[in-house]
Amino acid sequence: MAGFPVLVEGLPFELDSVKSKLAIYFQSKKKSGGGECEVRAHQDQRTFLVCFKSEEVQKNVAKKELHTVQLLGPDPVQLRVTLYEWSSNGGSSMSSIGVTADTKKEPAIEQNQLLTSSQEHIKNDQSPSKEVQNRGSTDPVEEPVFDTSEREKSQFSQLLVCSDGPVETDIIALYFERFVPDVEISENDECSWFLTCPSNDDLDKIISQKQHKLGGKTLKVQLYDKDKEDEKYEPRTFLLRGFDGNSRLGHIALYVDSLSNNTQHHIEPLQDGESVVVTFETDIDAKSFLKNCCQKPFENRPITAQRMEKTNSLQV
């Protein structure tokens, strides 16, 4: 993709180590004002190019000169974005500094492949008309897991999304932002997420599509009934993953305190050395606790959390 590039300066890390996160950020209309794009290396290690498919999107991103991005570690990074032009001789130039870009094309990263394929799926499969949805489709399409009367009677603006394989939460967010820019995503576990829509009209934009595909994975979308779901899980017990064998239980306890507003609890480490079971002595807001776990790393390590089903049994 040659397209319409911008030059991004101020990168404090090796590009390859954060390339996927940068692609997610600059493809998100909500976060950066961007759209479909490709992140490419530049001759200067602290700079890189983002090539957009649309000139309008390119200019929209460049309007905001300074972009704050969460990459590695707890502190966000501030990046400077300026318009960049391909020169007439096939190279690249920027009038203010006259630099030449590396014309060697980088291989597409997995996240780009996920998002490109999902976008094609939206183009081919999404339509407000049922007739258009089914036209040209050779694959069997499952009916929605709820009926219209159920949706009309409910006041739900939240969905539960389940994948048949792990997907990064940022990728899930970026996919559904194409339907509803203001959708909020919170992780339930590595293969399921909660989607909160601003209104039922926005919710309809997502559930009117019978099937969602993302990078070869199928996403199952259904209305989320909190009371019904709560019946499946232990009300006070959670499984946290992502620690290492050197993590001290005292430090983990302080971490859990910070996520649960100092609610009394006890911790049982599992044999894998990377997981713990946290049991609270009183009821807590499970959704808020799960969201806090996903958003706050432990000693620069990302932590995933999930509720324990009542039928689950773990060897400790």
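This is a short walk through the structure, with something to select at each stop.

**Before you start**

You're looking at a predicted model, where local features need pLDDT of at least 70 and side-chain atom pairs count only at pLDDT 80 or more, while totals for chains, interfaces and linings use all residues. Residues are numbered from 1 along each chain as its sequence is written, and side-chain values use heavy atoms, with hydrogens and water left out.

The labels are simple: helices (H or I, at least four residues) and strands (E, at least two) are DSSP runs, numbered from the N terminus.

**Stop 1: a five-stranded sheet**

Select S1 to S5. They make an open sheet of five strands in the order S2-S3-S1-S5-S4, with antiparallel pairing; two strands count as paired if DSSP finds at least two bridges between them. Strand S2 (37-41) and strand S4 (66-69) are the edges, each pairing on one side only. From one strand to the next, the twist averages 30 degrees. (For such angles, axes are lines fitted to C-alpha atoms, for helices over the stretch in contact, and angles run from 0 to 180 degrees between N-to-C directions.)

Zoom in on S2 and strand S3 (residues 47-52), which pair in the antiparallel sense over five bridges. Which residue in S3 stands opposite valine 39? Valine 50 does.

**Stop 2: serine 32**

Select serine 32, in helix H2 (residues 29-32). Is serine 32 buried or exposed? Its relative accessibility is 7%, so serine 32 counts as buried. (Buried means under 20% relative accessible area, exposed over 50%, partly exposed in between, with a 1.4 Å probe and protein chains only.)

Leaving out residues up to four places away in sequence, serine 32 touches Tyr25, Phe26, Val61 and His67. Then show glycine 34: its backbone nitrogen lies 3.1 Å from a polar atom of the side chain of serine 32.

**Stop 3: another five-stranded sheet**

Move on to S8 to S12. Here an open sheet of five strands has the order S9-S10-S8-S12-S11, with antiparallel pairing. Its edge strands are strand S9 (184-189) and strand S11 (212-214), and each pairs on one side only. Neighbouring strands of this sheet are turned by 30 degrees against each other on average, direction ignored.

Colour S10 by itself. S10 is mostly covered, with four of its five residues buried. Five bridges join S10 (residues 192-196) to strand S8 (residues 158-163), and the two run antiparallel. Leucine 195 in S10 is the bridge partner of leucine 159, and phenylalanine 194 in S10 is that of leucine 160.

Phenylalanine 194 is also the bridge partner of serine 186. S9 and S10 pair in the antiparallel sense over five bridges, and a hairpin joins S9 to S10 through two residues.

H11 lies across S8, S9 and S10, running at about 95 degrees to S9.

**Stop 4: the largest nonpolar core**

A nonpolar core is a set of buried Ala, Val, Leu, Ile, Met, Phe, Trp, Tyr and Cys residues joined through side-chain atoms within 4.5 Å. The largest one has 23 residues; select Leu159, Ile172, Phe176, Leu195 and Ile206, which touch the most other members. S8, H7, S10, H8 and S12 each supply at least two residues, and H7 gives the most, with five.

Apart from this core lies another, of 22 residues, among them Val18, Phe26, Ala41 and Phe52.

Now look at helix H8 (residues 200-207), where Asp202, Leu203, Ile206 and Ile207 are buried. Seen down the axis of H8, the buried residues fall within an arc of 135 degrees, so they line one face of the helix. (The arc is that of the directions from the helix axis to the C-beta atoms.)

**Stop 5: two loop residues**

Most residues other than glycine have a negative phi. Select asparagine 262, in the loop between helix H10 (249-260) and strand S14 (265-269): its phi is positive, about 60 degrees, although it is not a glycine. At 53% relative accessibility, asparagine 262 counts as exposed.

Finish at glutamate 299, in the loop between helix H11 (286-295) and strand S16 (304-309). Glutamate 299 has a positive phi of about 50 degrees and is partly exposed, with a relative accessible area of 47%.

Definitions and conventions. A polar contact is a pair of N or O atoms within 3.5 Å; within protein, one must be able to donate a hydrogen and the other to accept it, and residues adjacent in sequence count only if both atoms are side-chain atoms. Contact means heavy atoms within 4.5 Å.
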